[in-house]
Amino acid sequence: MRSVCLSDVSFSYEGGPVLFENLDLHLTPGWTGVVGPNGGGKSTLLELLGGDLHPTGGRVERTPEALRGALVPQGVEAWSSAVANFAEDWSKSACKTRRRLGLEDIDEARWSSLSPGWKKRWQMACALVTEPDLLLLDEPTNHVDASTHALFVDALRRFDGVGVVVSHDRAFLEALCSRTVRVRDGRVSSYASPYGDARRLWTQEARASAEHRSSRLRAMRATAEQLDQQRRRAEAASRSISARRRMKSAKDADGRSVGRKVRAAQAEAQLSQRARVIRHEAEKARDALSALAPPKREHAGPVWVESERASSRRTLLRWVAPTVTRGDRTVLRGVELDLGPTDRVHLEGANGAGKTTALLALRDEAQLRKRSCLFLPQEHTEAEKERLVANVRALLPDARGRVLQCAARLGFDADRWASVHRVSPGEARKLHLAWAFGQPHHLLLLDEPTNHLDTETIERVEEALLGFSGALVLATHDVHLATQVTSSTWRVDGGRIHAPQR
């Protein structure tokens with residue numbers, strides 16, 4: 001039977017901290033969901049499973065040895081040989097995969113005009129058409145609309161090999177996966193149940209652990225208090241003996257007195273030794289109490305976005321454009337929209353409808369009108385991630401500290417900043433948001449801001465957006481986020497933007 005087995009695996013990037021240690025994991029046919037915070041090692045685990053990375057200790061065994069694997073990465077690829085080959089493949093299996101994922105003919109010239117959601121469909125098709133034994137998916141539902149989401153679930157349920165998917169999409173995990181692996185704080189825990197049931201199990205485990213910790217704390221606190229009382233009594237007794245010895249007359253030198261002095265000295269020495277032992281035990285108890293204290297929460301403290309209010313005029317931007325193009329293709333027509341200084345807009349539409357094009361055009365209009373604007377793209381290229389890290393490193397200590405503090409509140413592990421080897425897409429997103437949130441803006445233009453982010457961070461971003469007092473235009477397929485932070489909708493459909501009358 002096809003399987004992948006990790007035995008006593010450890011791994012660290014060169015010059016970096018140990019990411020995994022004593023990792024054991026056995027995967028068989030069926031879908032396993034991998035969950036955990038950003039930067040915890042989920043993508044690294046996929047690369048270890050697929051053989052793109054090799055463990056620094058332990059072994060990875062694949063059965064059979066010639067197990068064929070395919071990986072769909074987080075990033076939306078540029079035009080590649082895999083896409084080119086599939087685009088020219090008209091075999092029966094290729095045509096079947098095209099129909100299943102709703103793909104039309106394409107060439108390299110048109111690739112750049114595709115939305116990230118459509119590019120993700122092509123990525124998925126390129127992996128499925130190879131009929132792999134091991135299929136590894138890294139955040140496959142980033143960028144995708146509801147119809148693509150449903151197509152993916154349907155296609156992947158038909159896969160009969162070993163499937164592993166890293167995702168923060170709870171609905172996708174529930175629809176597809178019968179097993180769950182949780183990666184957190186260097187530990188990997190496996191559950192033979194879907195995400196919802198697994199989450200309830202680890203929540204119960206955490207509650208039981210907290211109760212055990214609390215019980216131990218109470219017991220050790222009582223022990224420490226008893227030891228302190230014993231120490232004080234022993235030290236008081238030692239001081240009393242010393243005081244009585246000093247009060248003896250100098251003429252008192254008979255044998256009985258000498259005997260008493262010897263016995264008193266011995267008693268004092270024993271009490272002093274006892275006091276030192278008790279003091280040492282009390283210090284150990286206090287150290288143990290400190291070790292048992294609840295861990296510091298990275299998300300502690302508020303996250304907010306600085307806003308720079310425009311003038312009291314009703315309109316922040318007026319956007320009029322007969323046509324809006326991307327490359328040589330006309331994407332939008334007849335645009336005539338007003339955006340108020342406190343408007344909160346959900347930019348809604350299917351993949352490829354033109355939402356990103358609209359946001360880029362709004363960014364250009366804001367710059368033309370000299371409005372301070374934050375534009376967050378759907379994806380960061382590797383070059384952009386490297387430049388972002390370099391820019392944060394180059395800040396003065398106080399400014400860098402503020403950015404890293406905000407990033408930590410968004411869930412970025414600031415403790416490993418000095419030795420970070422590379423940032424994951426989620427970590428890059430947190431750094432970008434932390435960098436931008438400390439600068440005042442009239443307008444936020446956010447393109448799928450929850451892509452790559454874990455659930456806790458999404459909640460913190462939601463809180464920050466609720467507190468922002470400027471204008472917001474949000475392109476997202478996350479219905480819950482849109483409902484919480486926006487108050488009106490612009491629908492992109494058929495080459496036009498449909499907005500409510502003001």
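1. In this predicted model, the largest nonpolar core has 37 residues, of which Trp31, Trp122, Leu135 and Leu156 touch the most other members; such a core is a set of buried Ala, Val, Leu, Ile, Met, Phe, Trp, Tyr and Cys residues joined through side-chain atoms within 4.5 Å, where buried means under 20% relative accessible area with a 1.4 Å probe and protein chains only. Helix H5 (residues 116-128) supplies the largest share of this core, six residues; helices (H or I, at least four residues) and strands (E, at least two) are DSSP runs numbered from the N terminus.

2. Leaving aside residues up to four places away in sequence, Leu135 is in contact (heavy atoms within 4.5 Å) with Trp31, Ala70, Ala127, Leu128, Leu156, Phe159, Val162, Gly163 and Val164. A second, separate core of 33 residues includes Leu433, Ala436, Leu453 and Val461.

3. Six strands make up an open sheet of mixed pairing, in the order E13-E14-E15-E12-E16-E17, with two strands counted as paired if DSSP finds at least two bridges between them. Strand E13 (373-376) and strand E17 (496-498) are the edge strands, each pairing on one side only.

4. Within the sheet, strand E12 (residues 344-348) runs parallel to strand E16 (residues 488-493) over four bridges, and Leu347 stands opposite Trp490 in E16.

5. Helix H13 (residues 425-437) packs on the sheet and touches E13 and E14, its direction making about 180 degrees with that of E13; axes are lines fitted to C-alpha atoms, for helices over the stretch in contact, and angles run from 0 to 180 degrees between N-to-C directions.

6. Local features need pLDDT of at least 70 and side-chain atom pairs count only at pLDDT 80 or more, whereas totals for chains, interfaces and linings use all residues. Residues are numbered from 1 along each chain as its sequence is written, and side-chain values use heavy atoms, with hydrogens and water left out.

Notes. Buried < 20%, exposed > 50% of the residue type's maximum accessible area, 1.4 Å probe, protein only.
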